Amino acid sequence: MTKVLVTGMGIVSALGIGVEINLAHLKAEKSGIDSYKLFKPFIPYDLPIGEIPHSNKQLGELLGLKSSKDFSRTSLLGLLAAREAYVESSNPKLKTGLVSSTTVGGMDQSEIFYQDFLPDNEAGSLRTILMHDCGESSEQIARNLGIKGLVTTINTACSSAANAAIFGARLLKAGKLDRVLIGGVDAITNFTMGGFNALGILNAEYCKPFDKNRNGLNLGEGSAFLMLETEAAAKENNSEVFCELSGYGNANDAYHQTASSPEGSGAALAMQRAIEVAQISPADVEYINAHGTGTGNNDLTEGLAIKTVFGENIPKFSSTKGYTGHCLAASGSLEAVFSILSMNQNFWLPNLNFKEPIEEHGLIPIQKLIEAEGPKTILSNSFGFGGNCTSLIFKK
Amino acid sequence: MSKNYFINAMGCVSPQNSLDNNNFLTEIKEAQIDRLACFEPNYRDLINPRILRRMDRVSRMTIFAASLCLQESGEVEMDAILTGTGLGFMFNTTVFLKNIIESGDSLVSPTTFIQSTHNSAGGIIARMLNSNKYNFTYVHRGFSFESALLDAMLHLEEGCQNVLVGAFDEITEEYIKVMNRLQSLKRLDKDQSTQFLDASIRAIWGESAAFFTLGANQTEKTYAKIKEMKMVFSNGTNESIKPEIELFLEENGLKIEDIDLVLSGIDGNPMTRKNYLDLHESLLPNNDMASFKNLCGEHKTASSFALWMAAQILHKQFIPEVSKLNFKETKAKINNVLIYNNYNNINQSLILLEHV
């Protein structure tokens with residue numbers, strides 16, 4: 001069975017547009033979370049977010065679009081990251097697909113529509129509501145890049161992009177596709193801000209993943225894509241190989257729609273399955289990029305799950321949510337890009353804002369950036385509503 | 001590597017009475033003006049009242065359909081749970097949006113937000129079955145169900161024995177208003193023949209929830225076998241799907257004339273109707289043909305209702321009169337059924353089934 005190789009990366013986050021600027025800010029330990037400047041809230045929140053400091057018009061200009069009006073913010077962010085990650089193929093016979101993901105699709109446009117439509121059902125621009133569904137941004141990307149082999153979209157909440165990677169890898173291994181662009185995108189919307197705020201898990205300060213006094217998450221927006229190719233396709237295209245996607249696991253916690261089980265059983269199972277698929281032992285994992293949202297529930301149960309899987313030999317780990325905020329569907333692919341950068345650019349990612357460990361598990365993440373030979377085997381976690389738990393393993 | 005995907009159990013909640021698989025469309029429910037809404041069961045028959053109380057309508061439809069399928073499956077362990085939905089939980093989404101737009105403060109209840117996540121049905125099924133297995137939700141327009149089905153088929157190829165795969169979409173008042181406004185913008189083409197449907201040229205909006213147990217092995221209960229499935233993304237061009245269908249059949253060792261029944265997604269939607277008619281006339285003029293959207297209405301996951309219907313047709317060797325569009329002769333036996341669906345001329349799909 002073929003290996004699945006990562007041959008392209010693209011990213012848009014609160015740290016900036018493109019891999020280079022994201023790398024520079026990661027290494028400078030500079031967070032992109034700040035008070036919002038562009039987001040237009042229905043409810044005046046006094047909350048920091050990981051916002052991309054470009055208006056839709058500016059994003060459209062960066063993409064060379066005549067007008068950004070027919071695009072949701074989700075599509076614009078997705079297009080930027082997808083274009084950067086996409087590797088052209090020299091052989092038209094190679095079958096290329098797209099597996100994208102988003103949790104709320106073009107909700108930013110639906111919100112504009114609903115403000116007019118709710119008081120008067122004959123009002124509201126239909127152009128905006130046509131962008132509502134989750135498939136819209138994926139089709140914009142596929143059309144823009146000329147991808148025809150397979151086009152689909154996953155929504156399993158905050159594990160979405162990691163699951164897009166799993167489905168993409170399985171399609172390559174089964175020979176259904178030779179190449180697949182995978183990733184996720186979500187823009188800041190009133191819907192998600194209002195939802196997480198109503199859940200009482202948004203932090204008025206900077207999030208503090210894995211800290212004893214953590215007090216909720218910061219929402220972020222962004223997009224990241226990875227180009228995955230079979231060994232044969234990568235060879236034929238003379239592609240630059242960043243690493244291998246060697247393992248993956250998805251498990252359902254089967255406990256609660258929004259909360260993790262007390263011991264994080266689904267999270268532990270996802271990690272164990274990924275380790276099994278990669279045919280390695282837990283001791284081979286050198287670094288964990290944790291989901292680590294900064295909520296009481298996640299960081300406690302994820303830590304306990306890590307202990308279940310790794311016992312006393314906990315690998316170095318960190319959550320990078322303090323840099324970008326929680327980018328929902330995109331978090332899995334964003335953090336995959338960060339992890340691969342750390343592997344290839346020889347540094348270890350710090351967990352910003354950590355001070356004291358959580359009493360129940362006592363785990364201490366990497367606190368300051370380490371400049372040394374990067375981790376060669378990385379496990380990346382993404383967990384979502386609906387009990388959806390996913391782990392990916394990247395190998396040098 | 002399994003290339004046999006057996007439909008071993010099904011559960012379907014639709015505008016028709018599709019609740020008992022022993023009966024097959026014996027009594028037909030007709031559209032109310034612009035919609036075909038689900039014939040709703042007594043949900044308490046299969047859903048725990050404690051959970052039922054907190055569920056919105058589409059969750060009830062979905063969990064009931066999944067429960068029907070699971071009940072028919074018996075003590076079979078599912079190696080994966082795959083769901084597809086075009087628009088997810090629209091009612092909850094609209095209620096939550098309305099709350100945050102109208103309230104102007106942060107004291108809104110998170111309930112409808114929590115239950116608006118597209119994968120929440122998959123999560124409920126996992127909790128119902130206490131299943132830690134692989135659990136994915138696909139949300140891509142006219143490919144939502146097909147993508148879940150592809151994942152299900154991949155699982156069987158990878159060595160799994162049984163998987164649960166299904167799809168759901170609901171209609172809401174707001175949705176109907178938006179869709180009718182969109183449709184009225186489309187100029188009606190006078191040349192569009194009414195050869196197949198004598199209804200006026202407009203789509204009837206619909207909804208359904210359908211689940212299937214796909215197994216690697218045939219059982220006593222097997223309805224039919226899925227031979228292959230294909231999604232064709234048209235990339236915004238208007239090129240014909242004809243060569244794709246020919247290639248698809250050839251790859252499966254079949255010719256056009258081997259297809260005993262084409263189950264076509266044609267309806268009155270002026271956007272797609274002409275392309276359907278062109279295809280019917282150029283590629284399939286001699287094939288027996290039946291429709292399904294006059295029974296379930298147009299929605300992004302209507303093909304899941306079509307799969308339920310095709311499996312019933314093969315199993316019962318019976319084609320309901322109301323769905324017949326074009327019949328040349330009465331076939332002695334229905335062996336091969338092809339479902340063809342065209343969503344907005346962009347997402348076109350083919351599902352090939354075989355009698356077992």
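Predicted model: local features only at pLDDT ≥ 70, side-chain atom pairs only at ≥ 80, totals over all residues.
## Chain B at a glance

Let's start with the parts list. Chain B has eleven helices and 13 strands. If you boxed up its C-alpha atoms along the principal axes, you'd need a box of roughly 60 × 50 × 40 Å.

Of the 356 residues in chain B, 54% are buried. Now take the contacts in chain B between residues at least 6 apart in sequence: 82% of them join residues at least 24 apart.

## The cores

The largest nonpolar core has 220 residues. Which residues have the most contacts inside it? They are A165(A), L228(A), A65(B) and A310(B). Helix α11 of chain B, covering residues 302-316, gives the most to this core, with ten residues. Over in chain A, both domain 1 (4-236) and domain 2 (247-395) put in at least three residues each.

Have a look at A310(B) in the structure. Leaving out residues up to four places away in sequence, A310(B) touches A224(B), L263(B), V337(B), I339(B) and L353(B). There's also a second, separate core of 14 residues, and V104(A), F117(A), L97(B) and I100(B) are among them.

## Where the chains touch

The contact between the chains takes 49 residues from chain B and 48 residues from chain A. On the chain B side, the elements giving two or more residues include the helices α3 (90-103), α5 (120-129) and α7 (173-185), along with the strands β4 (134-138) and β8 (224-233). Sorted by class, this side of chain B has 21 nonpolar, 19 polar and nine charged residues.

## Two domains in chain A

Chain A splits into domain 1 (4-236) and domain 2 (247-395), and their C-alpha centres lie 21 Å apart. Their contact takes 60 residues from domain 1 and 55 residues from domain 2.

What does domain 1 bring to that contact? β1 (4-13), α1 (19-27), α7 (160-173), β7 (179-186) and β8 (222-230) of chain A each supply at least two residues to the side touching domain 2. Among the contributors, α7(A) gives the most, with seven residues. By class, the residues on this side of domain 1 divide into 30 nonpolar, 22 polar and eight charged.

Note on methods. Residues numbered from 1 in each chain as written. Chains lettered and ligands numbered in written order. Helix = DSSP H or I, 4+ residues; strand = E, 2+ residues; numbered from the N terminus. Buried ≥ 20, exposed ≤ 12 C-beta atoms within 10 Å, placed from the backbone. Contact = placed C-beta atoms within 7 Å. Core = buried A, V, L, I, M, F, W, Y, C linked by C-beta atoms within 7 Å. Domains from an automatic or database assignment. Nonpolar A, V, L, I, M, F, W, Y, C, P; charged D, E, K, R; others polar.
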